[in-house]
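Thank you all for coming.

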Amino acid sequence: MTRLTTLNFDNPVGQAFWILRVIFTVAPILSGLDKFFNVMVNWTDYLAPWIPNLIHVSPQTFMYGAGTIEICAGILVGLWPQYFAYVLTLWLWGIIVNLLSVAGNYDIALRDFGLSMGALSLARLAHAHELERRGQLETAPVVAEAERELVRGRS
């Protein structure tokens, strides 16, 4: 009998945890690096003017700061997803506020909301992973189809 667990990659729960962990480590690092080089896109085009004006910096300087934060967030999610996936979720919500305050970016805001739900899901799976790792959470068994049919037949 297979057990659903985040501790290994041979079941759907483990696969979901590790896929999300890798994606939410790599994507923020790449996105953060691109804030310095603007290869994928000119990031300042998506920045609401009121945000850099609020802290009295140029839009590109703001993007350098955002890039640094994203690189750090990606690294920290890779190391401690049970904490920093929540931070990444909040960061994405901040990006959504920015995007909603600039007309024409609603589709990207919706995409980032989906990403934030993925980051939140990673945070929840990472919490379970930590509990499993410490032996504080018992993994759930996967019942084979034949066993389920047997149980149904007895009812």
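Predicted model: local features only at pLDDT ≥ 70, side-chain atom pairs only at ≥ 80, totals over all residues.

Where does Thr5 lie? Thr5 sits in the loop between β1 (3–4) and α1, where helices (H or I, at least four residues) and strands (E, at least two) are DSSP runs, numbered from the N terminus. Residues are numbered from 1 along each chain as its sequence is written, and side-chain values use heavy atoms, with hydrogens and water left out.

Returning to Thr5, its relative accessibility is 7%, so Thr5 counts as buried; here buried means under 20% relative accessible area, exposed means over 50%, and partly exposed is in between (1.4 Å probe, protein chains only). The Thr5 side chain makes a polar contact with the side chain of Glu132, at 2.5 Å. By polar contact I mean a pair of N or O atoms within 3.5 Å; within protein, one must be able to donate a hydrogen and the other to accept it, and residues adjacent in sequence count only if both atoms are side-chain atoms.

Now to the charge pairs. A salt bridge is taken as a side-chain nitrogen of Lys or Arg within 4 Å of a carboxyl oxygen of Asp or Glu, and by this rule the count comes to four. One of them joins Glu70 to Lys35, with the closest N and O atoms 2.8 Å apart. Because Glu70 lies in helix α3 (residues 59–79) and Lys35 in helix α1, this pair ties together parts that are 35 residues apart in sequence. Glu70 is buried at 6% relative accessible area, and Lys35 is likewise buried, at 4%.

Another salt bridge links Asp112 with Arg111, the closest N and O atoms being 3.0 Å apart; Asp112 is buried at 5%, whereas Arg111, at 49%, is partly exposed. Glu130 also pairs with Arg134, at 3.7 Å between the closest N and O atoms, and salt bridges that share partners join Glu130, Arg133 and Arg134 into one network.

Finally, the surface. Which helix gives the largest share of the nonpolar patch? That is helix α1 (residues 12–37), with six residues. Leu33, which lies in helix α1, is among the residues making this patch of about 760 Å², and at 38% relative accessibility Leu33 counts as partly exposed.

Note on methods:
Patch = residues over 30% accessible without salt bridge, like charges linked within 9 Å, V, L, I, M, F, W, Y side chains within 5 Å. Areas by Shrake-Rupley, 256 points an atom, 1.4 Å probe, with all protein chains shown as cover.
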